[in-house]
Amino acid sequence: MTAAEPGAQTRTAVIEARGIAKYYGHVAALEGVSTTVAAGEVTCVLGDNGAGKSTFIKVLSGVHRHDKGELLFDGAPAAFGGPRDALAAGIATVHQDLAMVPLMPIWRNFFLGSELTRGRGPLRRLDVPAMRATTRAELLRMGIDLRDVDQPVGTLSGGERQSVAIARAVYMGARVLILDEPTAALGVKQAGVVLRYIARARERGLGVVFITHNPHHAFPVGDRFLLLKRGTSLGEYGRDDITRDELTRLMAGGSELDELSHELDRG
Ligand SMILES: Nc1ncnc2c1ncn2[C@@H]1O[C@H](COP(=O)(O)OP(=O)(O)O)[C@@H](O)[C@H]1O
Ligand SMILES: [Mg+2]
């Protein structure tokens, strides 16, 4: 190993996207979009409705194949045949609808599709006590204190449900956690709770991709900020390259808003 050049990137990219394009028929949902996802960092993807945020993470998570550009995973071209391949490689995606079963207990949802069992052959059955205990312990490790893991997931608040999904991905060994607008439907306090878990996942060494249209949610946790507008990149900024005000202004459409405020100016 040679010493890193001053200012050289010391963190290794888990995912690198270079000049990604994705078309739906004639519609370019993405064009020339690049970013990096590194272990122990949060990459925020910001943009208005229709900016291409969900399309971009669908490319990263193996749901869609990109039409142009390069997608590297651990430095080699990613060849995900679908979301299962991406998940097996350690890319966990928490979708906005969360894919949870509201009437089932928290622990059941936590282990959905990866149930713990004991015994063999005909004696093999679900290991309910182990799943209960593990769920409680893993939630606590993330700082989530839900006394009763037997309560149905449907009784949790939106923020708590997001937290369970994040803790689950961390426990299942994800290296990259992709969160599509986890704070969009939440109030200020609940959003704060989710931001805390995003920070916790980052501290535990995961690379996090955090999609949001709210610069006030992105700024406190983000290490880099990728701004999308109508499928194109408005640029990517490191934490030290942009202020919260600049980010807010870019997100608000900067000059467009200035014009509007002139137009509405009542003198
Ligand atoms: N399955 C699809 N088929 C056709 N067009 C789509 C599809 N999904 C998204 N789009 C279009 O691609 C653009 C980007 O959408 P999307 O990635 O969902 O944006 P965002 O998540 O930022 O709101 C939009 O113009 C949207 O209408
Ligand atoms: Mg979206």
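Two strands pair if DSSP finds at least two bridges between them. Strands (E, at least two residues) and helices (H or I, at least four) are DSSP runs numbered from the N terminus. The views below show a predicted model, in which local features need pLDDT of at least 70, side-chain atom pairs count only at pLDDT 80 or more, and totals for chains, interfaces and linings use all residues. Residues are numbered from 1 along each chain as its sequence is written, with chains lettered from A and ligands numbered from 1 in the order in which they are written.

**View 1. The hairpin of E1 and E2.** Strand E1 (residues 13-24) and E2 run antiparallel and are joined by eight bridges. Isoleucine 20 stands opposite valine 33 in E2. Two residues separate the strands of this hairpin, and glycine 25 in the turn has a positive phi of about 60 degrees.

**View 2. The pairing of E1 with E4.** E1 also pairs with strand E4 (residues 68-73), over five bridges and in the antiparallel sense. Here glutamate 16 stands opposite leucine 72 in E4.

**View 3. The shell around ligand 1.** The residues around ligand 1 are Tyr24, Val27, Ala29, Gly47, Asn49, Gly50, Ala51, Gly52, Lys53, Ser54 and Thr55; a residue is near a molecule if its C-beta atom, placed from the backbone, lies within 6 Å of it. Strand E2 (27-38) and helix H1 (53-60) are the elements that give two or more residues to this shell. H1 gives the most, with three residues. The shell divides into four nonpolar, six polar and one charged residue. Ala, Val, Leu, Ile, Met, Phe, Trp, Tyr, Cys and Pro count as nonpolar, Asp, Glu, Lys and Arg as charged, and the others, Gly among them, as polar.

View 4. Eight of the eight residues of H1 are buried, that is, 20 or more other C-beta atoms lie within 10 Å of their own, with C-beta atoms placed from the backbone. The buried residues include Phe56, Ile57, Val59 and Leu60. Just after H1, glycine 62 takes a positive phi of about 80 degrees.

**View 5. The packing of H5 on H6.** Helix H5 (residues 158-171) and helix H6 (residues 188-203) pack at an angle of about 10 degrees, with their axes 8 Å apart. Axes are lines fitted to C-alpha atoms, for helices over the stretch in contact, and angles run from 0 to 180 degrees between N-to-C directions. H5 and H6 are therefore roughly parallel to each other, a term for angles under 35 degrees. The residues of their contact divide into six nonpolar, five polar and no charged. Gly158, Gly159, Gln162, Ser163, Ile166 and Val170 in H5 meet Gln190, Val193, Val194, Tyr197 and Ala201 in H6, contact being C-beta atoms, placed from the backbone, within 7 Å.

Conventions. Buried ≥ 20, exposed ≤ 12 C-beta atoms within 10 Å, placed from the backbone. Parallel < 35°, antiparallel > 145°, perpendicular 65-115°, else oblique. Contact = placed C-beta atoms within 7 Å.
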